[in-house]
Amino acid sequence: MASSSPSPDSDATYLDGVVTSSTGSWYDVQTGNRTIPSRMRGKFRLETEGVTNPIAVGDRVTIRLTEEDGTGFITEIHDRVNKLSRRAAGPREGQEHILVANVDRIWSVQSVRRPAFNPRFLDRLLVAAAAHDIPAGVIINKIDLMTEATKPKVMNLHLRYADLGHPVLAVSATKGVGIDRLRAAFRDQINAITGPSGTGKTTLINALEPDLNLRTGAVSDKTQKGTHTTTHAELHPLADGGYVIDTPGIREFGVRDVHPKDLAHYFPDLAPYVNACQFPDCTHDHEPNCAVKAAVERGDIHPERHESYLAILESLREEHTPEY
Ligand SMILES: Nc1nc2c(ncn2[C@@H]2O[C@H](COP(=O)(O)OP(=O)(O)OP(=O)(O)O)[C@@H](O)[C@H]2O)c(=O)[nH]1
Ligand SMILES: [Mg+2]
Ligand SMILES: [Zn+2]
């Protein structure tokens, strides 16, 4: 992975590496078996206006080594194979926030309870992964909190997402259930784990690699939500080969980079019907003779998936042509 070359302008050393951690101002860059804390050139921020973070974990970069203190200076970001972005919230609302770059698969974690399984959130993430052409998997964590009464619901969710073509793993990070299957699925790949705070993303990584001993945080009894314990994305090597990227919990996953008229194509369960609608520009919302809505009424499309589609459509309409 590491290669050094003489500098074109001085006797400085240039190295190629991978960004393994990003706090916003400092980046850990791994070159061979060294990790070099690095800063970035200000020009990257100017060149990437509208992006909250020009460099993301997983990025391949070139750094110039500062011999005096052993830190690096990122001089080049290499072309990305892929990236997963979401809409930034808060003061930079609407801007692009890059979650991870150059990954083989995105795993979206939802828990059975504490916090409750959120299909809307999951569907947004799956649409974003599809739009960025990144394979996605689903992890249903905390199955130890399943009761006889809630078991059928969890099994139905498992089936729903498996039917869409995603690998689905039902696990318990704290009880060690399904961790071997998780390990096998992660082997030799670069995996990113994402999802709401408190679903157990970091606990899952600790279950895979106990030596990492990463910090986890309790779910609030009052809100039943996580407390945003992981504060920045970090890439960890796995003993069996491969990598996993832990990411901070997301409050709300905003889809971007999708035109409203293309949205149904990123729903593998809706897409087969769209050509059978009466109107070629049907939005599968209010129009008569809509094949998608007919499929929902027949039970061929789950109503929650159609609701997710409509909710994302609504948020995308705000960004694009309002008349669509
Ligand atoms: N019952 C149960 N609790 C779990 C399981 N996995 C994680 N937890 C608990 O859920 C809480 C949150 O776990 P974390 O791993 O910190 O969650 P996270 O998704 O990394 O959260 P953020 O870093 O805030 O995004 C902790 O109290 C964990 O012990 C599980 O399989 N079963
Ligand atoms: Mg965490
Ligand atoms: Zn339609």
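**View 1. The exposed residue Glu-67 and its setting.** At a relative accessibility of 52%, Glu-67 counts as exposed, where exposed means over 50% relative accessible area, buried under 20% and partly exposed in between, for a 1.4 Å probe and protein chains only. Glu-67 is found in the loop that runs between strand 5 (60-65) and strand 6 (72-77), strands being DSSP runs of E with at least two residues and helices runs of H or I with at least four, numbered from the N terminus. Between Glu-67 and Gly-32 there are 17 Å in space, C-alpha to C-alpha, and 35 residues in sequence. This is a predicted model, in which local features need pLDDT of at least 70 and side-chain atom pairs count only at pLDDT 80 or more, while totals for chains, interfaces and linings use all residues. Residues are numbered from 1 along each chain as its sequence is written, chains are lettered from A and ligands numbered from 1 in the order in which they are written, and side-chain values use heavy atoms, with hydrogens and water left out.

**View 2. The zinc ion (ligand 3) and its donors.** The zinc ion (ligand 3) is coordinated at 2.1 to 2.4 Å by Cys-277 (SG), Cys-282 (SG), His-284 (ND1) and Cys-290 (SG), donors being N, O and S atoms within 2.8 Å of the metal (3.2 Å for Na, K and Ca), and sites may look incomplete since water is not among the atoms. The arrangement is tetrahedral because the 4 donor atoms subtend angles of 102 to 116°, and four donors count as tetrahedral if all angles lie between 85 and 135 degrees. Along the chain, the donors of this zinc ion follow the spacing C-x4-C-x1-H-x5-C. Cys-282 is buried, with a relative accessible area of 6%, and Cys-290 is buried with a relative accessible area of 6%.

**View 3. The magnesium ion (ligand 2) and two threonines.** Thr-202 (OG1) and Thr-230 (OG1) coordinate the magnesium ion (ligand 2) at 2.0 to 2.1 Å. This pair links distant parts of the chain, 28 residues apart, with Thr-202 in helix 5 (residues 201-208) and Thr-230 in the loop between helix 5 and strand 13 (234-237). Thr-202 and Thr-230 are both buried.

**View 4. The largest pocket, between two domains.** The largest pocket has a volume of about 620 Å³; on a 1 Å grid over the protein atoms alone, a pocket is an open set of points with protein on both sides within 12 Å along at least five of seven lines, a cavity is a set where a 1.4 Å probe fits but cannot get out, and lining residues have an atom within 4 Å of a point. Of the 28 residues that line this pocket, the closest to its centre are Thr-52, Arg-86, His-97, Thr-231 and Pro-248. Because domain 1 (4-77) and domain 2 (87-246) both give residues to the lining, the largest pocket lies between them, the domain bounds coming from an automatic or database domain assignment.

**View 5. The second largest pocket and helix 5.** About 350 Å³ of space lies in the second largest pocket. Its lining has 26 residues, of which Gly-198, Thr-199, Gly-200, Thr-203 and Gly-217 lie nearest the centre, and helix 5 gives the most to this lining, with 3 residues.

**View 6. The largest cavity and its lining.** About 40 Å³ of space lies in the largest cavity, a volume being the space filled by probe spheres set on grid points, which are joined across faces, edges and corners. Arg-183, Leu-208, Glu-209, Leu-238 and Asp-240 line this cavity.

Methods: Tetrahedral: all angles 85-135°; square planar, octahedral: opposite > 155°, others 65-115°.
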